[in-house]
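Good morning, and thank you for joining.

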Amino acid sequence: MRAPRAVPAAVRLFGTTAFVLAGLLVWGLHLAIVYGVHHLACARGVDAPVVAAIVALATFAALGLQAALLAKPRWIASRLRPPPPDAPPGAFLEAVMRWLAVLGAAGVLWAGSAILFVAACGGG
Amino acid sequence: MLPSLSDERGPPNSWPRPAGEEEALRRIWQRPGGWRFPTAVNNTVIGALYLGAAFVFFVLAGILALLMRVQLASPGNEVVSQDLYNQLFTMHGTTMMFLFAVPAVEALGVLLLPQMLAARDLPFPRLGAFAVWAYIVGGVVFFSTIFYGLAPSGGWFMYPPLTTAEFSPGAGADFWLLGIGFIEISAIAGAIEIIVGTLRTRPPGMSLEKMPIFAWAMLVFAMMIVIAFPAVILATMFLEIERSFGWPFFSVDGGGDPLLWQHLFWFFGHPEVYIIFLPAAGLVSMIVPTIARAPLVGYRLIVVALVGTGFLSFGLWVHHMFATGLPALGLAFFSASSMAVAVPSGIQLFAWIATLARAERRIRLTTPALFILGMLAIFTIGGLTGVMVAMVPFDWQAHDSYFIVAHLHYVLIGGMVFPLFAAFHYWAPVVSRRRLSEAAGRWSFACMFVGFNVAFFPLHIAGLAGMPRRVWTYAGELGVGELNLVSTCGAFLLAAGILIFVIDLVRNFRFGIGEETNPWGGGTLEFLPQGVYSTRSIPRVTSREPLWDRPALALEVARGQHYLPNAPTGGRETLITSAIEARPEYVIQLPGPSWTQWIAAVFTAASFLLLTVKIVVPALVCGAIAIGACCAWAWQLDKGPGGGPVDIGGGIRVPVYMTGPAGHGWWAMVVLMFVAGSLYLAYLFSYLYIWTGAPEAWPSPSVLPPPGAAVAAIAALGAAVAAYVLAERGLDAGRRMSLLPWCVLLAALLLAAGVGIGLHAQWQAGVRPTASSYAALVYTDSLLNGQLAIAVLIMAGFTAARCWLGKVDLRRRACLENTGLLLRYTAAQAAVGQLLLHAFPRFV
Amino acid sequence: MSPRRQLLSGRAKRRSALAAAMPLAGCDGPQSAFTGAGADAARALDLWSIMLAGGIAIVLLVLVVTLLALAGRGRARRAVASERTVLLAGLWLPVAVLSALLVYGFGLLEQAAADGESDLEIEVTAEQWWWRVVYRHEDGSSTETANELRIPVGRSVRLELHSADVIHSFWVPALAGKRDMIPGRVNELALAAGVPGTYRGQCAEYCGGAHALMSFYVVAEPTAAFNAWLERERADARIDDPAGAALFAAAGCGGCHAIRGTGNRAGIGPDLTHVGGRLSIGAGTLRVSGSGFVEWLRSHQSLKPGNRMPPFEALSDEDSARLAAFLESLR
């Protein structure tokens, strides 16, 4: 017997997972961007200040997203998963999402702040 | 609208139960004995086998370590030769990491998760059996190489160029590469089971926030395996192909880069240690509340910590490469994330201590409690030295010295082995008829705790005093002779503690179900009365510690008053529930004992091992037998909708068959697609990484194959998907069933053609994989797509056969669906590959 | 603070203060990271002291909290048992401490990266299982030696690290952290010795076979002594023993080993031009003084199994002794 067509459970689960992990996904994307850009830029001889600027931009963007997750999770949740027939994500998953966003924000802040102290493309 | 799962109306089913119901369950779930033992699939059997094998490898690798410590006890020692020592440390590390640590925690998952979730078994019992036998056969053959000098000697992380054919001739490295290969398969098979198991086989009412912490830990563990293992699979593929066929991935001559191995390996390697640690942390989170007789403090924070650690651990890998000369800012990013991952561990640590503080009565220092306290001490120290080496300027001194050896043993033995021993003692009553001895447990703890610290603490100092790792001897000048001697004594004391445990095990452990199944007074479901069929009925759960909150539950469950107290289809079943709220959805018909998966496992292992020693034709024959056995195995799986929906109790009627996105088969395929996707992403990374380092090796557009070839390939791929969609729509609309198998086969052939066109075009353009690393990467794309296309062909043939034999119809269509999923994925992956290979060199 | 200033600002005073503060003062030695005789090593040692103190404090904290949890009185235990404590001790405290530590580490990292401007460049190439050392001079010429470096005290020396085969790692813990030597890649390491002395280094990346016996010495001496040494090293060999030199060539040694000033120019094995003046043979395996050369010639395969030098078993005892004497004379 096939499951009902309206919003398959698997898709709902996917949306819920993306919601819960949102803060960490932002962190992961931030790290991929700053590390990737730095690696590529240094290999191609791009100026250090340009790299630093990109890292700073990425860091502010990431922190902004994570702040939004902490402040307005339900709005984001409704974007990521269609309204389910039963309860919304629930206090538990929302709390987990928030704390993960806090962890992610710490990671973004720590990685991004490196440009204040360490020059881009310097020796290692 | 499904009935409410609240408690107010009493247990779902009536009592007394009809006569013969329990006897039927016992008969259906009977474990085959005697010479039929290899056919067994019950999770308790598979889990115990898995754990036993892992423990044997632990002891064997430990003996190798004792030999190493004897050699290092004084400078200039000659007990063990240089060559043997290099093999010993390689085998010790490889065996501990791949044959003990990951299998042991996976084994505990297989053994305990269904009991904790009151499921009768994991959702894919034969897959678990396949995984454990492939692991056992492969692991035994791999380990035996130390006895006849064929063991690898490149270190457990096997860096090229040392491990290329030029510097490591001989089969040792090949044994490592192919040996690890099928252990990777075992791990991924286990991961599929655990993900679907924890998300879909929970008892009704056990929503995610009531799930035992160990289940959360195993869920994170399994998802990490899905993302991390493919990176090392790709790396081992690359190195084996380079060794055997000369495709230059890591050789500088062809434009390759030895650091590519390090990136791929450590992208796997760092999550690997958390893959090992997180389940053990989950075990601690289960044991501590029972010791304290109080619920866990900060349950949701621990969930946050588990998920956070698992996710963040993917962003640390470059900290293993701090000394490779990468630019400082890049290192700084990874220093930052290495700090970040320490935070969730701190959360768990204090949550455990807080839970202990919540105890109302004084805590009895039973053996599990002692091992937990020992774990807290050792793991804290290991975590602190981990933070130290996350600081780049310090790591430049500590890296590759005995300081790191000390650190890694503190976190691995403290973080995983001590919880493992706590778990042995704690859960032995669930699996053994007789209890282990408390006195022996305390003695073994004392010897292990003291011995461990005496063995490894001095090594921090020895490392900073200048002793590098992986050395068979060292100069007296260093002044670390005494430290090493003390360490050796400690190692033997540690071994003595383990020996005491082994003796206790041999004397007391008897596999089976005993009288007293809950001597510690635990609150979670694995302590319900068990039979060979797991619990008599599947409980309705309303809290995190059901046995504490509802003392009558054990009696109710044993009487069969909860869900599914019988076997409505006459075969092995358990309940499938929804992923978040655990509402019953359907009854899954599980396969029983069989020879097929055992034959598949043995012949898969044989095939890999024969390839290792380059005996090709028998290897291919074994591979074909394995595939045949897999087909026979799969043939029996699809039992069809049977007699329609059944009553499970509480007024709930659910189907006994489910296809589509709500079905377990679909979910398993999706997990497999994530594995394939992770593998392909690792490939994309490799392509871009090599290009970044050696852009001059990339061809100019005039030398590339014509874009028309890419268009043709993509057209063929699209046609494959279209043919399949046609077949599926035709079935839905009830049209010509006779065309269905032909459409399926056509689709698979078009898919293979699409991949073949891409390959052919590169060959015609004169690209040869041995010429450069660019070329090798081009052919890798065809290899990755080709593997999947061949799998789709086999699955299509299987599906077509089932159609011809009338086993596929509108409702009964699992094989059609699964083949369709993999076909679509492969087409998409191959299309991405064509875009990469044609568009990237033209536009960048 | 530039490495130069660090070196010149009372280094000896700082070292003894650190040594007094650290319970492991007795662990310094020629190959010890506790010695801290170079700028990079001193940075690492400072960092270590701070982290050790912090680590001990945290272990004590965990111990105290655990004891309170197990055996404390009612109020204390209730305080430990709350989610608030978990957050305070397990989240906010680590975040604060690690933030501070990370920033400090970034600062040290930047200092290390800023090191390295130097007028003295030495190219070191790692081979299985020895070190090829080439001094580059301002006029473009170069001088090759092996298995030993001499550097001036109080100056930063720039090392250019190469590998001829597999991955190795250059590590002289008393002076600096390690840097890998990777084929196809050139890495750099700045060595800045603050205290004169003889330091020992060892390969720190497993390179197969005799990895454990791939060591070297770094001698840091005052500038005048260093310059004098460099002059002697640049010069061709002074042949005091022509019969020995003839035996050297006849026995086939010249097929791999160069001695500048003779006809032996092959660069397959270590350069032996001034080998008599070095501290060790076989990359740290044996001391040069006494019977070192004879032992090496006679039993190098059992001393350093698998090393790339052919066994030369056919060499008679007499010839070995004469060759040893000749090599010792090459100062």
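A residue is called buried here when its relative accessible area is under 20%. By that criterion, 56% of the 331 residues of chain C are buried. Please keep in mind that this is a predicted model.

Let me begin with the chain as a whole. Chain C contains nine helices and twelve strands. Its C-alpha trace spans about 90 × 40 × 40 Å along the principal axes. The radius of gyration of chain C is 25 Å, whereas a compact globule of 331 residues would have one near 20 Å. Among contacts in chain C with a separation of 6 or more, 61% are between residues 24 or more positions apart.

In chain C, five strands in the order 4-10-9-6-7 make up an open sheet with mixed pairing. Strand 4, residues 148–152, and strand 7, residues 179–181, are the edge strands of chain C; each has a single partner strand, so one side of each lacks a neighbour in the sheet. On average, neighbouring strands of this sheet are turned by 25° against each other, direction ignored.

How do strand 6 and strand 9 of chain C run, parallel or antiparallel? Strand 6, residues 168–171, and strand 9, residues 197–203, run antiparallel and are joined by two bridges. C:Phe170 has C:Cys203 of strand 9 as its bridge partner.

Finally, helix 6 of chain C, residues 223–234, packs on the sheet, where it touches strand 4 and strand 10. The direction of helix 6 makes about 135° with that of strand 4 of chain C.

How values were computed: Residues numbered from 1 in each chain as written. Chains lettered and ligands numbered in written order. Predicted model: local features only at pLDDT ≥ 70, side-chain atom pairs only at ≥ 80, totals over all residues. Heavy atoms only, no water. Pairing = 2+ DSSP bridges. Helix = DSSP H or I, 4+ residues; strand = E, 2+ residues; numbered from the N terminus. Axes fitted to C-alpha atoms, helices over the stretch in contact; angles between N-to-C directions. Contact = heavy atoms within 4.5 Å. Rg over C-alpha atoms; globule rule 2.2 N^0.38 Å. Buried < 20%, exposed > 50% of the residue type's maximum accessible area, 1.4 Å probe, protein only.
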